Amino acid sequence: MNKADLIEEVQRSLGVECSKAHAEKCVNTVLASIQQGLQKDREVQLVGFGTVEVKDRKARMGRNPQTKEPIQIAASRTVGFRPGSGLKDGVR
């Protein structure tokens, strides 16, 4: 499922009174709110679905796959997701 499919599913779930534009606005608002929550609190917890959180990666040594020379990989931030029990049970 991609974003367009998700928008169509939201529109279908909300019924005939919901336009595709309104469903797209709803999806975009949820995604923007999750991004703001990560910037502010570094974690967004959706009970029954999962937790999205900012993770810090330490600097480390890596290898250039073409030349096999060691290279220094800088520290960085990434986003991680831990599924909740409701989501895990839903895919079994």
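Reader: Why is Thr51 called buried?

Author: Thr51 has a relative accessibility of 7%, and buried means under 20% relative accessible area, exposed over 50% and partly exposed in between, with a 1.4 Å probe and protein chains only, so Thr51 counts as buried. Thr51 lies in strand S2 (residues 50–57), and the residues that Thr51 touches, not counting those up to four places away in sequence, are Glu43, Val44, Gln45, Gly80, Phe81 and Arg82; contact here means heavy atoms within 4.5 Å. This is a predicted model, in which local features need pLDDT of at least 70 and side-chain atom pairs count only at pLDDT 80 or more, while totals for chains, interfaces and linings use all residues. Residues are numbered from 1 along each chain as its sequence is written, and side-chain values use heavy atoms, with hydrogens and water left out.

Reader: What makes Lys68 exposed, and what is noted about its phi?

Author: Lys68 reaches 55% relative accessibility and therefore counts as exposed. Lys68 lies in the loop between S3 and S4, and has a positive phi of about 65 degrees although it is not a glycine. Most residues other than glycine have a negative phi.

Reader: How many helices and strands does the protein chain have?

Author: There are 3 helices and 5 strands, where helices (H or I, at least four residues) and strands (E, at least two) are DSSP runs numbered from the N terminus. Along the sequence they follow the pattern α-α-β-β-β-β-β-α.

Reader: What makes the lining of the largest pocket nonpolar, polar or charged?

Author: Ala, Val, Leu, Ile, Met, Phe, Trp, Tyr, Cys and Pro count as nonpolar, Asp, Glu, Lys and Arg as charged, and the others, Gly among them, as polar; the lining divides into 11 nonpolar residues, no polar and no charged. Among the lining residues are Leu6, Cys26, Phe49 and Phe81, and H2 gives the most, with 5 residues. Helix H1 (3–14) and helix H2 (20–41) each supply at least two.

Reader: Why is it called a pocket, and what is its volume?

Author: On a 1 Å grid over the protein atoms alone, a cavity is a set of points where a 1.4 Å probe fits but cannot get out, whereas a pocket is an open set with protein on both sides within 12 Å along at least five of seven lines, and lining residues have an atom within 4 Å of a point. The volume of the largest pocket is about 210 Å³, a volume being the space filled by probe spheres set on the points, which are joined across faces, edges and corners.
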